[in-house]
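Here are my notes on the aromatic contacts, as promised. Have the model open while you read.

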Amino acid sequence: MGLRKGQKRLLLRDSKEEAADIYDTFDMRVDRHWSEKKLEEMTERDWRIFREDFNISYKGSRIPRPMRSWVESKLSNELLKAVERAGYKTPSPIQMAAIPLGLQQRDVIGVAETGSGKTAAFVLPMLTYITRLPPISEENKAEGPYALVMAPTRELAQQIEDETNKFAHYLGIKVVSIVGGRPVTEQAFEISQGCEVFIATPGRLKDCLKNQYAVLNQCNYIVLDEADRMIDLGMEPEVVEVLDAMPSSNFKPENEDEELDEKRIYRTTYMFSATMPPAVERLARKYLRNPVVVTAGTAGKANDLITQHVIIVKESEKMHRLQELLDEVVDKKVIVFVNTKITADHVSKKLEKSGYRVTILRGGKSQEQRETSLEGFRTKRFNVLVATDVAGRGIDIPDVAHVINYDMPGKIDMYTHRIGRTGRAGKTGIASTFLTLHDTDVFYDLKQMLTQSNSHVPPELARHEASKFKPGSIPDRPPR
């Protein structure tokens with residue numbers, strides 16, 4: 001019996017769909033990966049895979065493509081040479097995503113894992129912006145710098161200064177840091193000589209503005225680094241005062257569809273934050289115009305290169321367990337984090353008496369003492385650094401093999417930042433944390449973080465009632 005017309009049509013349609021499926025599979029199989037393609041060969045699908053490969057996501061409009069390599073970055077030849085001399089082989093995900101935005105003078109909120117290379121992500125566009133302006137001279141130096149970077153701690157400000165100078169040096173751009181711990185008169189003299197960039201802590205900069213040692217009359221490029229940390233430390237009033245001291249007549253239009261005048265200098269704001277608490281969002285709403293939110297990695301997530309160990313201990317066992325861990329790492333660099341200055345002093349003295357090469361970094365020490373400690377640790381004169389949270393964020397010490405939380409911090413964010421001192425620049429690291437029954441407030445968040453990063457959750461933590469519900473939430477009652 002012959003087939004009816006309807007059946008023929010169905011068979012024909014099925015065979016066409018089957019052929020289409022085969023073709024799709026074949027096409028997927030033969031298509032080259034984006035890494036084998038030239039820039040002009042990249043398709044929408046390639047860009048989507050590229051973003052997925054580097055865990056880059058955006059929120060915003062008119063977003064430029066991320067850059068795949070330094071050569072494709074549209075940075076000037078001088079800056080590319082400086083990048084090469086600084087030893088930057090390939091850009092990190094946050095650099096790939098944020099630099100093209102910065103080169104367009106877009107306002108940016110960067111949310112990136114700690115140790116992700118974000119300093120260069122804002123420094124390179126900032127220096128590009130400055131090179132388009134007249135050099136600072138006798139005629140304009142009294143009007144202040146062209147750009148400002150604010151950071152919560154002296155140590156982070158100094159690190160940003162060092163990183164900026166790696167590149168600025170080759171462009172003849174002068175950088176001045178304005179931080180506590182140094183005589184204000186010395187800084188006032190440096191400011192009076194003129195410079196293109198201020199790198200400052202909010203409190204000291206506010207004092208300099210108040211005493212008229214510094215002005216921001218021509219400063220139209222501002223970076224807030226570790227914005228959430230500045231808020232945590234109660235610096236919001238100082239940050240707002242500084243932002244209000246900058247020119248305000250050149251904000252970009254509120255309407256994102258309005259064309260920008262290419263000849264005009266607009267105020268450009270970069271904000272980097274590992275988390276986005278309400279106070280940071282408030283600042284962003286007031287001072288940023290149509291910002292693009294760039295996330296590289298998962299916000300607040302620990303680096304995948306870090307192996308996390310959580311050890312349940314009694315308070316009295318901590319010192320013995322600490323020495324066992326230190327004996328295992330032999331000569332490698334270790335940071336031991338504690339919660340208070342008193343504990344820092346106690347732990348460092350005990351370790352020193354036991355023959356370990358130990359130094360200390362905590363609040364209450366002078367700037368000179370802090371710098372001496374960090375330099376001694378960097379150069380391996382000491383291989384153990386006992387520190388409070390003054391070292392938990394932003395300080396970049398290369399080749400830290402192991403971070404030990406002698407005390408578990410009270411907030412999971414600080415845990416993330418502490419352990420982020422290891423596993424940097426593509427290297428693996430280990431983080432060990434001593435957990436006691438006094439730390440139940442963070443049991444839930446810690447268990448979540450360990451689970452998300454496929455790390456071992458100790459049975460005592462997994463079983464504990466405090467790990468099952470977020471503090472403040474009320475568990476569902478079983479039905480009667």
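1. Is Phe50 buried or exposed? Phe50 is buried, with a relative accessible area of 0%. Bear in mind that this is a predicted model.

2. Now for the rings. With ring centres required to lie within 6.5 Å, the count comes to nine aromatic pairs. One is Trp47 with Phe50: the centres are 5.7 Å apart and the planes sit at 75°, so this pair is edge-to-face. Both residues belong to helix H2 (residues 44-53), and because they are three residues apart there, about one helical turn separates them. Trp47 is buried too, its relative accessible area being 4%.

3. Next, have a look at Trp70 and Tyr88, an edge-to-face pair with 6.3 Å from centre to centre and 70° between the planes. This one links distant parts of the chain, as the two residues are 18 residues apart. Trp70 is in the loop between strand S1 (56-59) and helix H3 (77-85), while Tyr88 is in the loop between H3 and helix H4 (93-103). Trp70 is buried at 7% relative accessible area. Tyr88 has 19% relative accessibility, and since buried means under 20%, Tyr88 still counts as buried.

4. There is also a cluster to colour in: Phe122, Tyr129, Tyr221, Tyr270 and Phe272 group together as one aromatic cluster.

5. Finally, the charges over rings. Arg85 lies over the face of Tyr170, 4.3 Å from the ring centre. Arg289 does likewise over the face of Phe251, at 4.3 Å from the ring centre.

Notes. Residues numbered from 1 in each chain as written. Predicted model: local features only at pLDDT ≥ 70, side-chain atom pairs only at ≥ 80, totals over all residues. Heavy atoms only, no water. Phe/Tyr/Trp six-rings, centres within 6.5 Å; stacked < 30°, edge-to-face > 60°. Helix = DSSP H or I, 4+ residues; strand = E, 2+ residues; numbered from the N terminus. Buried < 20%, exposed > 50% of the residue type's maximum accessible area, 1.4 Å probe, protein only. Lys NZ or Arg CZ within 6 Å of the ring centre and 35° of its normal.
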